[in-house]
There are 2 protein chains.
Amino acid sequence: MATTRERMLETTGRLLQHQGYAATGLNQVVTESRAPKGSLYFHFPGGKEQLAAEALERSGQSWTGSLDEVLASARTTAGAMRRWVRLLATQLEATDFAAGCPVATVALEAAPHSDAISTAATQVYASWVALIRARLEDEGVASSRARTAAVAAVAAIEGALVLSKSSRDTTALRQAETYLRDLLS
Amino acid sequence: MATTRERMLETTGRLLQHQGYAATGLNQVVTESRAPKGSLYFHFPGGKEQLAAEALERSGQSWTGSLDEVLASARTTAGAMRRWVRLLATQLEATDFAAGCPVATVALEAAPHSDAISTAATQVYASWVALIRARLEDEGVASSRARTAAVAAVAAIEGALVLSKSSRDTTALRQAETYLRDLLS
């Protein structure tokens, strides 16, 4: 059974992904995670900022896991990115465009004035870049080129998620398949 | 002299760009725009949602204007995008990473549940795509290819802005120059 602390992080991660940072209140987190009143500052003495930073890391890792899976199962990096983009598009549609990137909304709201949130977001994106880069290097791409291409791939997907969620239409995300193929082949 | 309505839109646009939608309160808008109390619902009967949607359009148009300028002054589309990306990176650094895309934060927070905000964000992004597409077509790129490349370019820049603002480091944005050159040449 999940501990109170785990339930709070799971609930916070979901609320942050769907609503963003400012709209997510601590009372809502406590209620929806069925946590005892007063437990929040026991588990997260740094308050909302600490809770949000840890929740971002946790939900970011869940996307890192799905990226890792597609990279392990596809024959090429480009093929893996095609699968990942399709998975994200399907998930966006299935949730009425609520479930976009679990990190971007909060990072855009809070990273300029929160070290903890900036650090958490940076680490999540760096872990995606590292996975794609390592896979490209396995395919024989030179290290500096692999790094640049991996950053460009993550940026392309993040940007396509912004356009798709904004317009509630996954066209931009599905088109990203084509330029990711060109970028990574 | 700017009218009350114009000042409210300007103030809202700046607050939305720096703080996002949920964190921007109507009292703050009224105070910072030196608007008479009660004038908000006179000018914006649709309340915060209408005010935010109009402010997004307005601040999006300001970026459309700067994109239009670089496209008019550079010799190639790729060269124009390089200038635009450098301009955005400089602006992000000069504002301690507060002044990212004026549309993305609010769109990610609110587009899934606000038609007005989704429509405003969609129109802003579409106007950027249309400008880049038209310029590519002027260079002889076929229409469907020009459209796909223009969407990819806007997505690449939006994504690089997300990564750069999150990590308070413009490396991703500056690297986008290379990727955009390959995409648009």
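1. The largest nonpolar core has 125 residues, and those with the most contacts inside it are Ala153(A), Ala153(B) and Ala156(B). A nonpolar core here is a set of buried Ala, Val, Leu, Ile, Met, Phe, Trp, Tyr and Cys residues joined through C-beta atoms within 7 Å. A residue is buried if 20 or more other C-beta atoms lie within 10 Å of its own, exposed if 12 or fewer, and partly exposed in between, with C-beta atoms placed from the backbone.

2. The model is predicted: local features need pLDDT of at least 70, side-chain atom pairs count only at pLDDT 80 or more, and totals for chains, interfaces and linings use all residues. Residues are numbered from 1 along each chain as its sequence is written, while chains are lettered from A and ligands numbered from 1 in the order in which they are written.

3. Chain A has 9 helices and 0 strands; helices (H or I, at least four residues) and strands (E, at least two) are DSSP runs, numbered from the N terminus. Of its 185 residues, 51% count as buried.

4. Along the principal axes, the C-alpha atoms of chain A fill a box of roughly 55 × 35 × 35 Å.

5. Among contacts in chain A between residues at least 6 apart in sequence, 66% join residues at least 24 apart. Contact means that the C-beta atoms of two residues, placed from the backbone, lie within 7 Å. Not counting residues up to four places away in sequence, Ala153(A) touches Met81(A), Ile132(A), Leu180(A), Leu183(A) and Leu184(A).

6. Between the chains, 40 residues of chain B are in contact with 40 residues of chain A. Helix 6 (104-110), helix 7 (115-138), helix 8 (143-167) and helix 9 (171-184) of chain B each supply at least two residues of the side of chain B that touches chain A. Helix 8 of chain B gives the largest share, 15 residues.

7. Ala152(B) lies in helix 8 of chain B. Ala152(B) is buried, with 27 other C-beta atoms within 10 Å. Leaving aside neighbours within four places in sequence, Ala152(B) is in contact with Gln175(A), Tyr179(A) and Leu183(B). Pro36(B) is 116 residues from Ala152(B) in sequence and 44 Å from Ala152(B) in space, C-alpha to C-alpha.
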